[in-house]
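Thanks for making time this morning. Please have a look at the structure on the screen, and I will then walk you through a few of its features.

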Amino acid sequence: MKKPDGDVADGDPEGGDEAADPSERRCIVSGESGPKEGLIRFVLDPEGRVVPDLAEKLPGRGFWVTGTRAMVEKAVAKGHFARAAKASVVADLGLPDLVERLLARRAADTLGLARKAGALETGFEKVMTAIDRGRVVCLIEARDGAEDGRRKLEQRLRVAKEQGILPDVATLSPLWAYEMGLALGRGNVIHAALIQGRMQAKVVADLARLERYGRKDRPENARAL
């Protein structure tokens, strides 16, 4: 039995198949099932190369891997894609890095859309004001930002929670300052706050997905995404 998108649903733990819950998928590396949001879908191109399908729209049979760099590296190194496909496939050693780049581009693009929609405040003082007004749903900090500024903003979030101004607000740091700046059309950006509204679910999901995956060290010569 096959789903319309080609993913297998036959219970084969190495098949990238659908779990008992249709909203879940099974990791071809660990054999464990979980919500699709926590896994990454891969497909084979016409030449048999493994390619990431972050949008989950590419045709063909899907192979799902838990969405961390360590799991993708293991899938490549241990031949899990070939075993799941029951065929010879090409899983490039650079696949984990490619996934990171694609996740970073997706997160940056989403952040840019949030800015255009007026759903983002940037800069230390503006973020502080947004917290005091109870408008913040997520604090976004550059990975290479100074700890002092981040600590002050997180302290203000704790105070806002104690005062009943805000509930718990997550802090995410998936992007480097230059990546945030490129996404927002300015120089390096260190502090940003996502504002309540229709953009919040997508922005948080894309940023959290990249943070969960994990990043390598910041490149010495930072380039545009």
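Predicted model: local features only at pLDDT ≥ 70, side-chain atom pairs only at ≥ 80, totals over all residues.

Let me begin with Cys-27, which has 0% relative accessibility and therefore counts as buried, where buried means under 20% relative accessible area, exposed over 50% and partly exposed in between, with a 1.4 Å probe and protein chains only. Cys-138, at 1% relative accessibility, counts as buried too. A search of the whole structure finds zero disulfides, a disulfide being a pair of cysteine sulfur atoms within 2.5 Å.

Residues are numbered from 1 along each chain as its sequence is written, and side-chain values use heavy atoms, with hydrogens and water left out.

Turning to the chain as a whole, there are seven helices and nine strands, which are DSSP runs numbered from the N terminus (helices H or I, at least four residues; strands E, at least two). Of the 225 residues in the protein chain, 44% are buried.

Now to the helix pairs. Helix α3, residues 95-116, and helix α7, residues 200-213, have axes that come within 9 Å and cross at roughly 155°; axes here are lines fitted to C-alpha atoms, for helices over the stretch in contact, and angles run from 0 to 180 degrees between N-to-C directions. α3 and α7 are therefore roughly antiparallel to each other, given that angles over 145 degrees count as roughly antiparallel, under 35 as roughly parallel, 65 to 115 as roughly perpendicular and the rest as oblique. Among the residues making the contact are Leu-103 and Ala-107 of α3 and Leu-207 and Leu-210 of α7, contact meaning heavy atoms within 4.5 Å.

Helix α4, residues 124-132, and helix α5, residues 147-162, pack at an angle of about 10°, with their axes 9 Å apart, and these two helices are therefore roughly parallel to each other. Residues that meet here include Phe-124 and Ile-131 in α4, and Leu-153 and Leu-157 in α5.

Finally, which residues does Asp-97 contact, leaving aside its neighbours within four places in sequence? They are Arg-69 and Lys-216. Asp-97 lies in helix α3 and is partly exposed, with a relative accessible area of 26%. From C-alpha to C-alpha, Asp-97 and Glu-73 are 9.3 Å apart in space, and they are 24 residues apart in sequence.
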